[in-house]
Amino acid sequence: MKKALFLLFLLPLFAIAQDKGIHFEHGLSWKEIQAKAKAENKYIFIDCFTTWCGPCKYMTANIFPQQEVGDFFNSKFINVKLQMDVTEGDNEEVKKWYEDAKAIGEQYSVRAYPTFLFFAPDGKVVHRMVGGGEAEAFIARSKEALDPTKQYYVQLAKYEQGNKDEAFLRSFALTALNAYDSKTAQAVSKEYFDTQKDLFTKDNLEMLAKFTRTSKDKGFAIFLNESAKANKILGKGKAEGIVGSIVSNEEIYPKVFKKDAGAPDWAVLQSELTAKYPKLADELIAKSKVIYYANKKDAENSVNSIVAYMKKYSDKASPMDLNQFAWTIFESCKDMKCVEEALEWSKRSFAENQDPNFMDTYANLLYKLGRKDEAIAVQEKAVSLAKDKKPLEETLNKMKKGEKTWN
């Protein structure tokens, strides 16, 4: 009896804890949700998620349960979680929404997750957001759903009704891009760029960079043929980076990573690429080899391709590249000369920004080279800077005990 009374005493506390975050509706159909929103004069918030989506899970576990998030959404919206994929473990409530989930996904082009849709109390869609975020930023973004001057679908209607003002086209093109409405974004951006007499302003080049996704886009020829002029404004290597990424995605990766394809014929690929992009072919093939062998978990060829790339293109490697290359060498290379080279790459990776994970790579390389005291000092600093200290602390403890930190 005492135990039962104790549990009864705790029930209100559980209820309070559960009510802190967003209250999502259960047991109602889409039509009933719309009717409730109209009756209560509230907007509708739909979290379009999938069971496999990492960011979706993060929002559900860490953001939606927070007090400030619940306070905002519960006061303004009728809230719905809508599962967009189908799994064997789906319960009856999820199954009842299958048809509506499919229709909503098709009607509003839900292709990335999480996508958040917002509807006015009258049931008309007014806004969309893609991608989560921390509580404060997520609330700030969501407030735009209540502001007619910022609501995505209201802006889309203005565009479709013929608003061709230069400033509006620029603003709406960026809004459409952020909303993952790529078809609209490309169409609006093209109209905007057509109004511009000078594309080599900082604002226009930065915008071109965002909208240059394929070799057919307006900015591709500019970044390919006038890279030096563009780089003076955008920064060293920016134009080549944009072009290189597009060429790799269009000309190399579809062939290299083709399903059931055998080992790539690198000589043929290089010949084909040289014919189309002679100035880029050598570097892109060298970088593609690095990516290919890493993807295949081919340790020996990974090391060889990284060393070959760095001998010719060390100055082109980004901090992220430098760290990844150095870590691969740490894990896979038994030649200490190779490890010494990787130590210098690693040091460069955090020269301008003391990323604790990059520092961890450097400390591990020092440790593998037998420079234990230096390694421990660097690792201790990395731990002090890290938000997630546990994995770095585990490595630090191994170093202090003299244990191997590699397999």
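Which element supplies the largest share of the lining of the second largest pocket? Strand S2 does, with 4 residues. Some notes on this and the rest follow.

1. Ground rules. This is a predicted model, where local features need pLDDT of at least 70, side-chain atom pairs count only at pLDDT 80 or more, and totals for chains, interfaces and linings use all residues. Residues are numbered from 1 along each chain as its sequence is written, and side-chain values use heavy atoms, with hydrogens and water left out.

2. Strand S1. Take residues 43–49: 6 of the 7 are buried, so S1 is largely enclosed by the rest of the structure. (Buried is under 20% relative accessible area, exposed over 50%, partly exposed in between, with a 1.4 Å probe and protein chains only; helices, H or I with at least four residues, and strands, E with at least two, are DSSP runs numbered from the N terminus.)

3. Its partners. S1 pairs with S2 (residues 77–83) in the parallel sense over 7 bridges, and Tyr43 sits opposite Phe77 there. With S3 (residues 115–119) the pairing is antiparallel, over 5 bridges, and Phe45 faces Phe118. Pairing takes at least two DSSP bridges between two strands.

4. The second largest pocket. Its volume is about 360 Å³, and of its 16 lining residues, His26, Phe49, Lys81, Glu93 and Val94 lie nearest the centre. Helix H5 (92–96), like S2, supplies at least two residues of the lining. (A pocket is an open set of points on a 1 Å grid over the protein atoms alone, where a 1.4 Å probe fits, with protein on both sides within 12 Å along at least five of seven lines; lining residues have an atom within 4 Å of a point. Volume is the space filled by probe spheres set on the points, which are joined across faces, edges and corners.)

5. The largest pocket. This one comes out at about 730 Å³. It has 22 lining residues, with Gly237, Glu240, Gly241, Glu283 and Lys316 nearest the centre. The elements giving two or more residues to that lining are H14 and H16 (281–295), and H14 has the largest share, 8 residues.

6. Helix H13. In residues 227–234, Ser227, Ala230, Asn231 and Leu234 are buried. They cover an arc of only 100 degrees around the axis, which puts them on the same side of H13; the arc is that of directions from the helix axis to the C-beta atoms. Ala228 and Lys232, on the other side, are exposed. Gly235 follows H13, with a positive phi near 120 degrees.
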